[in-house]
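User: I would like to learn how to read some features of a protein model. Please take them one at a time, with the general idea and then the case here.

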Amino acid sequence: MINSEIPDAILETADPGALVPNTPPAIVEVRGLSKRFGATRALVDGSLSVAPGEVVALLGENGSGKSTLVKLLSGVLSPDDGQILVQGAAVRLRSPRAALAAGIVTVFQEILAARDRSVLDNLWLGHGSPVLSRSAVSDRRRLASQAWLGLSGQDVDLDRPLGELTLMEQQICVVVRALLREPKLLVLDESTSTLDVELRDRMFDQVRRRAADGMGCLFISHRMDEVMAIADRFVALRTGQVVGVRRRGEADARELIRLISGRDVESGARRVGTLAHGSSAVRLEGVSLRPGTKPFSATVSRGEIVGLAGLEGHGQDELIRCLAGLQVPHAGQVYVAGPKGRADEEPAAVTTYRGGVARGVVYVPRDRKVEGMADVLPIIDNYSMPTLQRDRFAGVLSPRRTKSRFQRDARTVNFTPGRQDSIGRLSGGNQQKVIIARWLAAEPRVILLNDPTRGVDLKTKHELYEVFRGLADAGAAVVMLSSEVDELVHLMDRVLVFHDGSLSAELAGDAVTPESLVSAYFGSPAVAAGGH
Amino acid sequence: MDRLAHLPAALRRSPLTVVLALVVLLLAVNLWLSPTMLSGHQLPNTVNLLVPSVLVAMASVPAVMSGRGGIDLSVGPLLGFVNVVLVGVLVPHSLGSVWLSLPLMLGIGAVTGLVNGIAIAYGRLQPVVVTLGSYLVLSGLALVVMPQPVGVVPHWVSYLSGAWLGGYLPRSLLLVVGALAIWRVLRHRGAVGTILATGSDDRAAFASGVRVSRVLCLAYASGGVFAALAGIGLSVLIGSGDPTVGRQYALAAVAAVALGGNPLIGGRGTMVGPMLGATSLFLIQTMLSSLKVSSLWIQVVYGAVLLAAVCANATLTTRLSARAKVGMA
């Protein structure tokens, strides 16, 4: 509220004393906050405020200082310099517990939850006094199921271990947990990335309702459509500094992207393949994913990028796992063309992961932390893991060969090795680049990508799109599961949309529009005929 | 009737099934070999032998539950140290009365556990290294205090070696009841829940406002208190001080925890499971001695049973989770 009145240039040096008096006190105000890690200045003199009832979007690429600011606000890190004020009073947030006590409740980018514990335990984890009377326990149950129902529109078994729930339900759990704490300021850091469109809208409703009661919200997302939908004000960060503040209506998405990136990024334009589609690489015959779902057939040709889409849990995830040989479809077969890609080779059914790998199928999993990488190992070891045998020279591994291969493939994915050694210290986007480079080394013919740009900033996303398109142009068949409408529209040659475990629509070329996708998500038959 | 119908399913789901079956089986074999084992005449001796093992298994539980590689190797030597301090220090200085010696010994246990917990939580050291260090320190201190087995236990301790109801209610069970009471209080106060949540994902617990370091200290301190109770149980059993026996309990306790179905990565588990685990290890020992098998074979059998039980538990769990997944689809 306050900062937006001040021109950008003054903003960074804003003297608290110069602030206009008689404005209502901000719920949370941050003044001149700075944090450095060694030589890196992660946040420089950051200032912003959130007024009661206001939703402020924090925008920036990976490494722009967003996460640092979130960690400072949530008590995970302590600032080197600067102040945090809650309702006008300076506070020191020494721990997450202190931040929660001050009313700042954060939903972190990663789903932080005790998966062995029940849903109920997780919802109240760390909250208030652990000594509870019987009536307090039943109060907690009631409040928890009400809040869950309010957010998701569905009931939940509060006694189930959280680990048995889907990723999306786990995400609901951490959001409900935050809402149950009655936050003064709710910080949502990429909390929508695993939610489907329907749930995301429900979550936005909840946030607006709470905001109407005076809650402030700091909202962080890489998805421009979400940001434009919910935020009253936008604060852009670049290389640790606040570079601009805009009110709703003052700037369109293009303008915001320019602020964040410091340059114009082409956006929205479709980028289709240049190669005439080659021979079929993957053929699905009479595949039915679950008992009772309608069987379907489809092919993916070399040189094209095919998107798999749908609301979370409607079958697209099962399909990509079937393609990878990680699971077998309920009925039907997945055929993959021969390893040499010649016409005289018989396509073979893939039923195991190894069988797929032998035919040049590679799979980049969604949860790279768990399934994709060894955090503590050096980048190069993460890169060379599946292809290390190629670097044998006279029976002995040659590190020099590995290195030269890595340099070549890193260039292809536009990854510049920096000073960091272990992959765990890279940003999400760069981790994904290394993992994709790893599979490039295996010279894949079919590349399966399970939501590869999740939690990746806009600039890196576009770099990854270039990489994927390059792979397709080089003759690979690319199948990519995506939960982001913009991405599907921007990148895909064709999109297979799933609803309730079966193929609900096949959209191709110009028929891939946000409207056609979303209505296919909900199984609308009107668009289902929009194939080619 | 309805409840009975559900029993088999509930049993199959429980992590206790394997260990419970093992205890029942071993008990049957033992009774067949020596039918008088549970008679009023023999029961107190049997129970007195069992109590230290059960308590030291309980002492290992909170550390393992707390996760991050949590384990407390020092509980074995700690029970020996408590025994030696009681017999070698407190009794000679006429501090042997129950009102003085009991709180002092529980205090020694709590403080030792707390020191371990502080080193692990605030020093961010690995539990196995920290507790191996205190294992060695306590083993050494026990020998310094009492180079050879000597001495007598105070009156209240030898009183505990007897029984009520004609031998059918051994008084040493009071120690186990005490430990269970402490655990129950911790559970009721929500402490067990936070220990498990911390063990499941310590970063999630921290971010949710759980004071993770304090929780870890509490876990190790409560383990120390149980180990002190085990030390009293040992004193009841041997009636004197012995600086070397404590160590033998250390690894058997970890085995009991695994046998009881508690995963060593933490975050899950029960208290009853490891108690039953310790009981089954004890019953194996009595079975082998009834069969006149050389005691040299005992460790071989221990190891084999442990591996078999852990495998059985793992198979059961994977089958169940596979079924759960099918159910979800």
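User: Which residue stands opposite Val56(A) in strand 9 of chain A?

Analyst: In general, strands of a sheet pair through backbone hydrogen bonds, either parallel or antiparallel. In this predicted model, Val56(A) has Arg233(A) opposite it in strand 9 of chain A. Strand 3 (residues 55–59) of chain A and strand 9 (residues 233–238) of chain A run parallel and are joined by 4 bridges.

User: In what order do the 6 strands of this open sheet in chain A come?

Analyst: The order is 6-7-8-3-9-10, and the pairing is mixed. Strand 6 (104–107) and strand 10 (241–247) of chain A are at the edges; each has a single partner strand, so one side of each has no neighbour in the sheet. On average, with direction ignored, neighbouring strands of this sheet are turned by 20 degrees against each other.

User: Where does Lys66(A) lie, and is Lys66(A) buried or exposed?

Analyst: Lys66(A) belongs to helix 2 (residues 66–73) of chain A. The cut-off for a buried residue is 20 or more other C-beta atoms within 10 Å. Lys66(A) has 27 other C-beta atoms within 10 Å, so Lys66(A) is buried. If neighbours within four places in sequence are left aside, Lys66(A) is in contact with Leu58(A), Gly60(A), Ile220(A) and Leu237(A). For a distance, take Arg97(A): from C-alpha to C-alpha, Lys66(A) and Arg97(A) are 21 Å apart in space, and they are 31 residues apart in sequence.

User: How do I read a positive phi? What is the phi of Asp500(A)?

Analyst: Most residues other than glycine have a negative phi. Asp500(A) is not a glycine, yet its phi is positive, about 55 degrees. Asp500(A) is placed in the loop between strand 21 (494–499) and strand 22 (502–508) of chain A. Asp500(A) counts as partly exposed because it has 16 C-beta neighbours inside 10 Å.

Arg124(B) has 9 other C-beta atoms within 10 Å, so Arg124(B) is exposed.

User: How are two packed helices described? At what angle do helix 8 and helix 11 of chain B pack?

Analyst: The description uses the angle between the axes and the distance between the axes. Helix 8 (residues 173–188) and helix 11 (residues 212–238) of chain B pack at about 170 degrees, and their axes are 9 Å apart. That angle makes helix 8 of chain B roughly antiparallel to helix 11 of chain B.

User: Which residues of helix 8 of chain B meet helix 11 of chain B?

Analyst: From helix 8 of chain B they are Leu175(B), Gly178(B), Ala179(B), Ile182(B) and Leu186(B). Among those they meet in helix 11 of chain B are Val225(B), Phe226(B) and Leu229(B). By class, this contact has 8 nonpolar, 3 polar and no charged residues.

User: What domains does the domain assignment give for chain A, and how many residues of domain 1 are in contact with domain 2?

Analyst: The assignment gives domain 1 (3–103 + 183–261) and domain 2 (280–528) of chain A. In chain A, 15 residues of domain 1 are in contact with 16 residues of domain 2. On the domain 1 side that touches domain 2 of chain A, helix 7 (197–212) and helix 9 (253–261) each supply at least two residues. Helix 9 of chain A gives the most to that side, with 3 residues. The residues of that side divide into 3 nonpolar, 6 polar and 6 charged.

Methods. Residues are numbered from 1 along each chain as its sequence is written. Chains are lettered from A and ligands numbered from 1 in the order in which they are written. This is a predicted model: local features need pLDDT of at least 70, side-chain atom pairs count only at pLDDT 80 or more; totals for chains, interfaces and linings use all residues. Axes are lines fitted to C-alpha atoms, for helices over the stretch in contact, and angles run from 0 to 180 degrees between N-to-C directions. Angles under 35 degrees count as roughly parallel, over 145 as roughly antiparallel, 65 to 115 as roughly perpendicular and the rest as oblique. Two residues are in contact if their C-beta atoms, placed from the backbone, lie within 7 Å. Ala, Val, Leu, Ile, Met, Phe, Trp, Tyr, Cys and Pro count as nonpolar, Asp, Glu, Lys and Arg as charged, and the others, Gly among them, as polar. Two strands pair if DSSP finds at least two bridges between them. A residue is buried if 20 or more other C-beta atoms lie within 10 Å of its own, exposed if 12 or fewer, and partly exposed in between; C-beta atoms are placed from the backbone. Domain bounds come from an automatic or database domain assignment.
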